[in-house]
Amino acid sequence: MSAAVALGQRSLREYMRSLDAIVPTLFIPIFFLVVNTGQAAKIFPSGSTPFLHGQGYGAFQLPTTLLLASSFGAAALFLVEEIEGGYFDKLRATPIPRAAIVLGRLIAEGAKCVAIAAVIILLALPFGITIASGAIGFVLLILLTAGWGVVYSGFMQLIALKTRSAAATQSGGLVFFPLLFLTPNFVPRDMLTRPMEVAATINPVTYLMEALRSLILEDLHWAKIWPGFAVIAGLGVLMLWLNVRVIARYD
Amino acid sequence: MIEANGRPGAPTAAVEARGLVKHYNDVEAVRGVDLHVAPGEVFGFLGPNGAGKSTTVRMLTTLLTITAGEARVCGIDVTADPDGARRRIGVALQEAGLDPRQTGRELLVLQARLFGMSAADAADRAERLLALVELEGAADRRIKGYSGGMKRRLDLASALVHEPEVLFLDEPTTGLDPASRLTVWEEVRRINGRGTTVFLTTQYLEEADQLCNRLAIIDDGLIVRQGTPASLKADLRQRWGEDREPTLDDVFLDATGRSRERIAGEVQEVSA
């Protein structure tokens, strides 16, 4: 574990020294929040839209912003640089568990997503968005967002390890957009057309989004919250296992 | 295993390979390499581009899987116990494997931590290594600002962090200016002088002649010559049956079936 922590500290230093690569992960999701809210807020007025629970449409869109912000996978692009530059081989030549090589970057990605989620939520508060579930909900929101960041970064790292190409890794990141739009992104699941509802039900990101949304719009509603954490735990274990497997067989 | 050096359990070979084979799909990069490097040697591993030098080194250093055959480093089977082998070896590969966003000091401290040292010991070790490779002045600068020679020296220092018994250097002077090359040579001699076995791949025959006690020449995935530089030259002189003293260049050209004319042609083709 100490090797993973040491590598995590290094990756955090890497982020701190590459702020130009981090700023878009904050700017673009906020841009989408403003644009989506601006386009649909009149269709869904807070007073007459029950699924908003008295808040504005921005509160309904905030989970999309948080998920988008944690799905840039900068860690995987740094990994490709590391593979191309030879430092990845240097790490593979050390007697540390292969899982530590994966976990180091994921720990840093998690920490980065905690910071980004906190900034986005705090920026949203002055615009009338409230966290209905209170302080505990605020913490859970951040944990869910950071957890998703770790999972998605694990997926991107997998592409990086398999392709060793920055272009392929960046393209792989675009997979998130179909995942995001096959969710109850603009309206609740029961208001989607039947085919979209089926697609959203199959899509694991839906449960994450619904967990985040319930924390923002409702009080602690555990029946909606735990599926989000279950998605992160299941996919997290899967991604870690696949990453370690690829590194162990890396030639 | 035969014991040597008067130390019970000490392996007779620092590096040993038997029938080492590596296939990439249909390509046979290494086709059955046998090697024996004694403890304390500087062993040169020569060959033309694409002959299988780096592939062999990467198998010996646990970075590549072995298709067939076996390899041992300090008596440890690199396939059966890769972490055991990793603890005994230092590796500086062809491209200086450094993280450009870290400082030289941070890189060495991290490397020491990954070999199990405490934070205090790692800091102390980094300080001593920075002094050894004369990078104290640049220790707290980011590596991306280092010159090629500085990067190579730092890479060498990072390979020495855990005081390995065998140091693998894959073309350590490629791309360096003559002064930096001489500095690396001095480093290699100094490291070897303290008892570390050095396994050196190089394209520079002068380098092999200057540094190596013994060498092997690989061509097309097979070892085609092996011995001391003097014995390889003597063997060629005997086969020539002339008074002219062969150089290591002549040995290399003879072993790889190349001629100076052919190599000149290859160079022209490349540059055209």
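Predicted model: local features only at pLDDT ≥ 70, side-chain atom pairs only at ≥ 80, totals over all residues.
Local features need pLDDT of at least 70 and side-chain atom pairs count only at pLDDT 80 or more, while totals for chains, interfaces and linings use all residues; side-chain values use heavy atoms, with hydrogens and water left out. Residues are numbered from 1 along each chain as its sequence is written, and chains are lettered from A and ligands numbered from 1 in the order in which they are written.

**Salt bridges**

- Over all chains, the count comes to 35 salt bridges, a salt bridge being a side-chain nitrogen of Lys or Arg within 4 Å of a carboxyl oxygen of Asp or Glu.
- A:Arg10 and A:Glu82 form one of them, at 2.9 Å from N to O. This pair links distant parts of the chain, 72 residues apart: A:Arg10 lies in helix α1 (residues 2-16) of chain A and A:Glu82 in helix α4 (residues 74-85) of chain A. Helices (H or I, at least four residues) and strands (E, at least two) are DSSP runs, numbered from the N terminus.
- A:Arg10 counts as buried because its relative accessible area is 2%, and A:Glu82 is buried at 7%. Buried means under 20% relative accessible area, exposed over 50%, and partly exposed in between (1.4 Å probe, protein chains only).
- A:Arg105 and A:Glu14 meet in a salt bridge of 2.7 Å, N to O. The two residues are 91 apart in the chain, with A:Arg105 in helix α6 (residues 98-124) of chain A and A:Glu14 in helix α1 of chain A. Both A:Arg105 and A:Glu14 are buried.
- In chain B, the side chains of B:Glu245 and B:Arg237 meet in a salt bridge of 2.7 Å, N to O. B:Glu245 is partly exposed, with a relative accessible area of 47%, and B:Arg237 is partly exposed at 28%.

**The site of A:Lys90**

- A:Lys90 belongs to helix α5 (residues 87-92) of chain A and is buried, because its relative accessibility is 7%.
- Its side chain makes a polar contact of 2.7 Å with the side chain of B:Asp155. A polar contact is a pair of N or O atoms within 3.5 Å; within protein, one must be able to donate a hydrogen and the other to accept it, and residues adjacent in sequence count only if both atoms are side-chain atoms.
- Contacts (heavy atoms within 4.5 Å) of A:Lys90 include B:Val91, B:Gln111 and B:Ser158.

**Nonpolar cores**

- The largest nonpolar core has 123 residues, and B:Leu108 and B:Leu154 have the most contacts inside it. Such a core is a set of buried Ala, Val, Leu, Ile, Met, Phe, Trp, Tyr and Cys residues joined through side-chain atoms within 4.5 Å.
- Apart from this core lies another, of 32 residues, among them B:Ala17, B:Leu35, B:Val78 and B:Ala216.

**The sheet of chain B**

- An open sheet of 6 strands in chain B has the order β6-β7-β8-β3-β9-β10, with mixed pairing; two strands pair if DSSP finds at least two bridges between them.
- Its edge strands, each pairing on one side only, are β6 (89-92) and β10 (222-227) of chain B.
- Strand β9 (residues 214-219) of chain B pairs with β10(B) in the antiparallel sense over 5 bridges, and B:Asp219 stands opposite B:Leu222 in β10(B).

Definitions and conventions: Lists of a residue's contacts leave out its neighbours within four places in sequence.
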